[in-house]
Structures are given as C-alpha cells and as structure tokens.
Amino acid sequence: MIKEKERNFACPVWSDFPDIELYMDQVISVLERYLTPFFPEEEKCITSTMINNYVKQRLLPPPENKRYGKKHLAYLFMISILKRFMQLSEISTLLDHLVREMGEEGAFNLFSAELTASLARLFEETERSSLSEKGKCARVVRTCCDAFSAILYAKSVFSAARLLPKETPEEKKDKVKEKEKKEKKDKEKGKKE
C-alpha cells in the first residue's frame, strides 16, 4: 500500500525557498528536505562535491560570495531529479532552453507543477491498478515497464524538439584542443618553410 505522504507529496515552488542567500551546508539541508523522498536511504541526494561539480560543468550558476540563492536551489532540485535518467549534457541543454523561454522562476514552477502532477497520477493509478489481483510482483513489473517507456518517450520528445546537443561539452573541448594543436602545428610548419 502506498503511504499517504508519498501519495500527497507536493514539490516545492519558487516561493517555498528562503529569500535569503545560503551557505553550502544550508543549501544541502534545504534540498535534502525536498529531495529525500526521491532517493533510497543509502544514497546521498545532494553533496557539496556534486554542487561544486555542477558549477564547474556550468550546469549551475556560480555562487556569489560563496552564497546561493533561490535560483541555485531551483537548479539543484531540477538537476537532482533529472540526473536520475538523463545525461548532464542533456540536462544542461533542457534547462538552458527552459530558462530562456520562461525565466528561472517560471521554469522551476512549471517543473515543480509537472512533477507533482505526475507523482499524483502515478501513485493514484498504481492504487487503482487492475493488477492488484495478480499481486505486488505484477504491479512492480508494470511500474518498471512504465518507467522505461516514459524515459524512452521523454528522450524521443527531447530529441524531436532539437534540444539534444550534437556533442557533449567534453567532445566540444576535445575538438577545440585538437583544432588548436593543428593550428599550432601549421604555424610551426609555416615558420620552418
């Protein structure tokens, strides 16, 4: 049986986040409160290392004077959810497009509303499932297949919307380095001649 708290879980909205800027440990504390239901007990949902890596990879705007605001909390919440089934390069592309279209607050509130509605739909359908007479195992199989299908569909829509990057950021860096090496070689070759 699905627990009441899981069935009625509501994702945070922009206004739920503190209006003051936070230090790293405070950010982790706030996000753990909202993300814990989505992660197994033995898995950390957010760490300082993850946050620093997201900043380095330009998925997350850098903090201002080591402090993080609502936009950081919003990005970190979305990244933490999306990374469960998407590559970081795909997440970056999606968030860039979403924020460009709707602004940071609008993008986060849309994401939050859609996730809340999806969770409610799924948990409600699971409870009413006609598979109940076949037992819990059949329900688990159906849910796993639904999850796979949803991820496959999401990637298809993502690709069809031309949001998928042609290459990863690492591949872009490698190409730039390769081009620079070639130009340097050509210059040296030109000097020798």
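Modeller: Happy to! A word first: buried means under 20% relative accessible area. Also, this is a predicted model.

Biologist: Thanks! Is Phe 77 buried or exposed?

Modeller: The relative accessible area of Phe 77 is 0%. The cut-off for buried is under 20%, so Phe 77 counts as buried.

Biologist: How do helix α2 and helix α3 pack, and at what angle?

Modeller: Helix α2 covers residues 24-35 and helix α3 residues 48-56, with their axes 10 Å apart. The pair is roughly perpendicular, a label used for angles of 65 to 115 degrees. The angle itself is about 105°.

Biologist: Which residues of α3 does α2 meet?

Modeller: On the α2 side, the residues are Met 24, Val 27 and Ile 28. By class, this contact has four nonpolar, two polar and no charged residues. The partners in α3 are Ser 48, Ile 51 and Asn 52.

Biologist: What is the geometry of the rings of Phe 17 and Tyr 34?

Modeller: The whole structure holds five aromatic pairs, and Phe 17 with Tyr 34 is one of them. Phe 17 sits in the loop between α1 and α2, and Tyr 34 in helix α2, so the pair ties together parts 17 residues apart in sequence. Their centres are 5.9 Å apart and their planes at 80°, so the geometry is edge-to-face.

Biologist: How many residues apart are Phe 38 and Phe 77?

Modeller: These two also form an edge-to-face pair, with 6.4 Å centre to centre and 75° between the planes. Phe 38 lies in the loop between α2 and α3, whereas Phe 77 is in helix α4.

Technical notes. Residues are numbered from 1 along each chain as its sequence is written. This is a predicted model: local features need pLDDT of at least 70, side-chain atom pairs count only at pLDDT 80 or more; totals for chains, interfaces and linings use all residues. Side-chain values use heavy atoms; hydrogens and water are left out. Axes are lines fitted to C-alpha atoms, for helices over the stretch in contact, and angles run from 0 to 180 degrees between N-to-C directions. Helices (H or I, at least four residues) and strands (E, at least two) are DSSP runs, numbered from the N terminus. Angles under 35 degrees count as roughly parallel, over 145 as roughly antiparallel, 65 to 115 as roughly perpendicular and the rest as oblique. Contact means heavy atoms within 4.5 Å. Ala, Val, Leu, Ile, Met, Phe, Trp, Tyr, Cys and Pro count as nonpolar, Asp, Glu, Lys and Arg as charged, and the others, Gly among them, as polar. Rings of Phe, Tyr and Trp (its six-membered ring) pair if their centres lie within 6.5 Å; planes under 30 degrees apart count as stacked, over 60 as edge-to-face and the rest as tilted. Buried means under 20% relative accessible area, exposed over 50%, partly exposed in between (1.4 Å probe, protein chains only).
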